[in-house]
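Biologist: Please take a close look at the surroundings of the ligand in this model. Which residues surround the ligand, and how does that part relate to the rest of the protein?

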Amino acid sequence: NLSTPSSAPSLSPSPVILSQDELKKIAAYKAVEFVQSGMVVGLGTGSTAKHAVDRIADLLNQGKLKDIVGIPTSKQTHQQASSLGIPLSDLDTHPTVDLAIDGADEVDPDLNLVKGRGGSLLREKMIEGAARKFVVIVDESKWVPYVGASGAMPVEVVPFCSKYTQDCLQKIFEYAGCVAELRTLSGGQPFLTDNGNHIVNLFFKSDVGDLRAASDAIHRLPGVIEHGMFIGMATAVIVAGESGVTVKNK
Ligand code: 5RP
């Protein structure tokens, strides 16, 4: 469990309407309060995690944090963190991550997540899976009643015959009204992940039910590399909303 550090500021309700980006920043800054000098920190990807990386860099520059090693979850985050001067490494050199901080596309009532709409789910899952603590940072729009309720659940697949893998995925989840679509760029060509793979987006019309069974069924398909359901991985979820910021522990 993560307990709130005593130095943590508490937000009182304010009449000011905060933008979604301001809420993301509040959640991100709150998460960075859990970073301590000497830690190996998993650096997430996306517009929320970007604020956490900025904040870690600020604290390093101010001398308030020392000896941080960042493990970026994407090329994009690697670029951001290295340009800010955060010392970086990888799982080969640092196989244990003290704390990972990342956003999410969806959070369900059991703190299961959908991640990867930004395309970085594989590296995120590897690094966050290696973390002793994984803190998720979201604005309140990310709450969903069940996984897949608000949009795509991405699956990273090998490019070889990805249409075949896409069709197999759709068939597996026929019972939940699944529509599987290859993620493409504006020119129509397949989106390529940092690992050179394709993404198949799964859209469900209803709850898929048992998430671990769904995960196993996806993993049994040979063309699949990884999916964007992060089941039971979050240690805590920090949610920023109009009424303040809350930390939900697993
Ligand atoms: C990227 C991710 C992101 O964490 C997720 O898409 C949330 O992004 P944002 O913070 O921009 O809303 O999984 O692959």
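**The ligand shell**

Modeller: In this predicted model, the ligand is surrounded by 18 residues, and the closest of them are Gly-46, Ser-47, Thr-48, Gly-103 and Gly-118. By residue class, the shell holds ten polar, five charged and three nonpolar members. Two helices, H2 (47–61) and H4 (121–129), each contribute at least two residues to the shell. The largest share comes from H2, with three residues.

Ile-137 is in contact with both Thr-48 and Gly-103, leaving aside its neighbours within four places in sequence. On the same terms, the contacts of Ile-137 also include Ala-27, Ala-28, Ala-31, Ala-52, Ile-101 and Ile-238. Ile-137 belongs to the largest nonpolar core, which has 61 residues, and is listed with Ala-27, Ala-31, Ile-56 and Val-136 among those that touch the most other members. Helix H1 (residues 20–32) provides the largest share of this core, seven residues.

As for the protein as a whole, the secondary structure consists of six helices and 13 strands. The radius of gyration is 18 Å, close to the 18 Å given by the globule rule for 250 residues, so the protein is as compact as a globular protein of that length. The C-alpha trace spans about 50 × 40 × 35 Å along its principal axes. Of the 250 residues, 44% count as buried. Among contacts with a separation of 6 or more, 76% are between residues 24 or more positions apart.

Terms used
Residues numbered from 1 in each chain as written. Predicted model: local features only at pLDDT ≥ 70, side-chain atom pairs only at ≥ 80, totals over all residues. Helix = DSSP H or I, 4+ residues; strand = E, 2+ residues; numbered from the N terminus. Rg over C-alpha atoms; globule rule 2.2 N^0.38 Å. Buried ≥ 20, exposed ≤ 12 C-beta atoms within 10 Å, placed from the backbone. Contact = placed C-beta atoms within 7 Å. Near = placed C-beta within 6 Å. Nonpolar A, V, L, I, M, F, W, Y, C, P; charged D, E, K, R; others polar. Core = buried A, V, L, I, M, F, W, Y, C linked by C-beta atoms within 7 Å.
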